[in-house]
Amino acid sequence: MNEEVRLTAWVRGRVQGVGFRWYTRATALEIGGLSGFALNLDDGRVQVVAEGGRERCTALLDWLREGDTPGRVDGVTEIWGTPRAGYDGFAIR
């Protein structure tokens, strides 16, 4: 079953100033069916929020962890929840 979910992920490493948010958005759009955003945090991490089918969100999480991302990913922490909706596409914030 591919229920609708909300993925919130915090990505640690050298992920700011390297195009990480842009590539995250491009990957989310390539996967398709996802809405949300990628946001630089003050502590150097990038927060990624994605809503859509569980399989699509899992594909994005797999890319964040093991894909050909710009910079260097040292780790990803995620939580899963219920979609809140209200996003128009996938944005860079």
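What does the secondary structure of the chain come to? Two helices and five strands, where helices (H or I, at least four residues) and strands (E, at least two) are DSSP runs numbered from the N terminus. Some notes from going through the structure follow.

1. **Ground rules.** This is a predicted model, in which local features need pLDDT of at least 70 and side-chain atom pairs count only at pLDDT 80 or more, while totals for chains, interfaces and linings use all residues. Residues are numbered from 1 along each chain as its sequence is written, and side-chain values use heavy atoms, with hydrogens and water left out.

2. **Overall build.** Reading from the N terminus, the elements go β-α-β-β-α-β-β. The C-alpha trace spans about 35 × 25 × 20 Å along its principal axes. For 93 residues a compact globule would have a radius of gyration near 12 Å, and the chain agrees, with 12 Å; the radius is taken over C-alpha atoms, and the globule rule is 2.2 Å times the number of residues to the power 0.38. Buried residues (under 20% relative accessible area; exposed is over 50%, partly exposed in between, with a 1.4 Å probe and protein chains only) make up 40% of the 93. Take the contacts (heavy atoms within 4.5 Å) between residues at least 6 apart in sequence: 77% of them join residues at least 24 apart.

3. **The sheet.** The five strands form an open sheet in the order β4-β1-β3-β2-β5, with mixed pairing; two strands pair if DSSP finds at least two bridges between them. At the edges sit β4 (72-81) and β5 (90-92), each pairing on one side only. From one strand to the next the twist averages 15°; angles here run from 0 to 180 degrees between N-to-C directions, and axes are lines fitted to C-alpha atoms, for helices over the stretch in contact.

4. **Who pairs with whom.** β1 and β3 run antiparallel and are joined by eight bridges, with L7 partnered by A50 of β3. β2 and β3 are antiparallel too, through six bridges, one of them pairing S35 with E51 in β3. These two strands make a hairpin with five residues between them, and G44 in the turn has a positive phi of about 95°. On its β5 side, β2 (residues 35-40) pairs in the parallel sense over three bridges; there the bridge partner of G36 is F90.

5. **β3, enclosed.** How many of the eight residues of β3 are buried? Eight of the eight are, so β3 is largely enclosed by the rest of the structure.

6. **Helices on the sheet.** α1 packs on the sheet and touches β1 (4-14), β2, β3 (46-53), β4 and β5, its direction making about 175° with that of β5. α2 lies across β1, β3, β4 and β5, and runs at about 155° to β3.

7. **Helix against helix.** Two packed helices are described by the angle between their axes and the distance between the axes. For α1 (residues 20-31) and α2 (residues 54-66) those come to about 145° and 10 Å. From α1, the residues F20, Y23, T24, T27, A28 and I31 meet R56, A59, L60, W63 and L64 of α2. The residues of this contact divide into eight nonpolar, two polar and one charged, counting Ala, Val, Leu, Ile, Met, Phe, Trp, Tyr, Cys and Pro as nonpolar, Asp, Glu, Lys and Arg as charged, and the others, Gly among them, as polar.

8. R6 lies in β1 and is buried, with a relative accessible area of 9%. Leaving out residues up to four places away in sequence, R6 touches V49, A50, E51, I79, W80, G81, T82, P83, R84 and Y87. R6 and I79 are 73 residues apart in sequence but 8.3 Å apart in space, C-alpha to C-alpha. T8, also placed in β1, is buried at 7% relative accessible area. Beyond its neighbours within four places, T8 is in contact with Q47, V48, V49, T77, E78 and I79.

9. **One backbone angle to check.** A85, in the loop between β4 and β5, has phi near 60°, a positive value in a residue other than glycine. Is A85 buried or exposed? A85 is exposed, with a relative accessible area of 53%.
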